[in-house]
Amino acid sequence: MKIWELMERDVASCAPTDSVNVAARIMWERDCGCVPVADRNNVVVGMVTDRDICMGSYIQGRSLHLIQVQDVMGSPVVSCEPEDDLVTVEKLMRDNRIRRLPVCDADGKLVGLISLTDIALESERERRSSKERLIRSTEVADILGAVSQPRPHAVAPIPFAPEPGEMEFTPKPPIKRGQTYR
């Protein structure tokens, strides 16, 4: 099975100099968790995820409209081509611990996006139909397990303080049955 058979073709992208607010809006409007980052020639130069945006905003302590996509995007880009087969893409996902790949033509221009979700949905379609099963649910589970492994780097604590005039959030203890907060 070739990736062009499974990939999403209607993919929105953002520019490296766009604010992460633009990328977040695309994710909200399209109900997705990542956006390819393309230059003015539509060549993919990075990927930005909802996690990149959250962590970038947290680490920098700044609002989304003040942070550029290029400051939080993942790079270099791991991508595939429309003619790649499913085995190749599954290996790229496993080896690089990523759930989504931009699909680029020979010039690096964005033509689509393939995700682990696309593969899982095709597996389910095959299971429900009388078609020959090309994708087994165990393969999907194996890929998910591989991409979900924690990255082998130490995370240093990042000092972060509320902005002037902003109160630090202190959670209240859980409410017991029959109790109310005053």
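Cys32 is partly exposed, with a relative accessibility of 31%; that class lies between buried (under 20% relative accessible area) and exposed (over 50%), judged with a 1.4 Å probe and protein chains only. Cys32 takes part in no disulfide, a disulfide being a pair of cysteine sulfur atoms within 2.5 Å. By that rule there are zero disulfides here.

Before going on, please note that this is a predicted model, in which local features need pLDDT of at least 70 and side-chain atom pairs count only at pLDDT 80 or more, while totals for chains, interfaces and linings use all residues. Residues are numbered from 1 along each chain as its sequence is written, and side-chain values use heavy atoms, leaving out hydrogens and water.

| Cysteine | Relative accessible area | Closest cysteine sulfur |
|---|---|---|
| Cys32 | 31%, partly exposed | Cys34, 6.1 Å |
| Cys104 | 4%, buried | Cys80, 7.6 Å |

Now for the whole chain. The protein chain holds five helices and four strands, arranged along the sequence as α-β-β-α-α-β-β-α-α. Helices (H or I, at least four residues) and strands (E, at least two) are DSSP runs numbered from the N terminus. Of the 182 residues, 30% are buried. The chain exposes about 12200 Å², with carbon and sulfur atoms supplying 52% of that area; the areas come from the Shrake-Rupley method with a 1.4 Å probe.

Next, a pair of strands. Strand β3 covers residues 100-104, and four of its five residues are buried. β3 pairs with strand β4 (residues 110-115) in the antiparallel sense over five bridges; pairing requires at least two DSSP bridges between the strands.

Finally, helix α4. Its 13 residues, 116-128, should span 18 Å, and the end C-alpha atoms are 19 Å apart, which agrees; the expected span is 1.5 Å times one less than the number of residues. Which residues of α4 are buried? They are Leu116, Asp118, Ile119, Glu122, Ser123 and Glu126.
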